[in-house]
Amino acid sequence: MRWAAVEAAHGVPHTAGWLTSTRARVAERRGRNIATVAVARKLLTLVYYGLRDGHIRALHPAKAAA
């Protein structure tokens with residue numbers, strides 16, 4: 001499972017917004033490999049909640065506060 005998640009993290013396009021910024025931010029502090037595993041973990045978290053709730057919140061725009 002970890003291998004598949006890391007492969008998915010490697011395949012994240014550079015236009016993925018917050019995933020690439022997260023990877024760059026962690027890579028500055030901890031190194032490139034640790035940053036890749038961190039992004040893989042975030043992807044797995046998105047998959048888990050997407051399967052649990054039926055939709056992925058990070059892909060939907062935030063609702064404006066009234």
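Is Thr-20 buried or exposed? I found that Thr-20 counts as buried, because its relative accessibility is 17% and buried means under 20% relative accessible area, exposed over 50%, and partly exposed in between (1.4 Å probe, protein chains only). Thr-20 sits in helix α2. I also noted that a polar atom of its side chain lies 2.9 Å from the backbone oxygen of Gly-17. For reference, a polar contact is a pair of N or O atoms within 3.5 Å; within protein, one must be able to donate a hydrogen and the other to accept it, and residues adjacent in sequence count only if both atoms are side-chain atoms.

Before going on, I wrote down the ground rules. This is a predicted model, where local features need pLDDT of at least 70 and side-chain atom pairs count only at pLDDT 80 or more, while totals for chains, interfaces and linings use all residues. Residues are numbered from 1 along each chain as its sequence is written, and side-chain values use heavy atoms, with hydrogens and water left out.

Next, the overall layout. I counted three helices and zero strands in the protein, running α-α-α from the N terminus on. Helices (H or I, at least four residues) and strands (E, at least two) are DSSP runs, numbered from the N terminus. Of the 66 residues in the protein, 23% are buried.

Then I turned to charge. Which residues form the positive surface patch? They are Arg-25, Arg-29, Arg-30, Arg-41 and Lys-42. Helices α2 (18-30) and α3 (32-53) each give two or more residues to this patch, and α2 has the largest share, with three. My note on the term: patch residues have over 30% relative accessible area and no salt bridge, and like charges are joined within 9 Å.

Arg-30, in helix α2, is exposed at a relative accessible area of 55%. Arg-41, in helix α3, counts as exposed too, at 63% relative accessibility. The C-alpha atoms of Arg-41 and Val-6 are 8.4 Å apart, though the two residues are 35 apart along the chain.

Last, how many salt bridges does the structure hold? I found one, where the term means a side-chain nitrogen of Lys or Arg within 4 Å of a carboxyl oxygen of Asp or Glu. The partners are Asp-53 and Arg-52, with their closest N and O atoms 2.8 Å apart. Asp-53 is partly exposed, at a relative accessible area of 28%.

Terms used. Patches are made of residues with over 30% relative accessible area and no salt bridge: like charges are joined within 9 Å, nonpolar side chains (Val, Leu, Ile, Met, Phe, Trp, Tyr) within 5 Å. Accessible areas come from the Shrake-Rupley method with a 1.4 Å probe; for residues, only the protein chains shown count as cover. Lys and Arg count as positive and Asp and Glu as negative; His and the chain ends are not counted. The place of a charge is taken as NZ of Lys, CZ of Arg, CG of Asp or CD of Glu.
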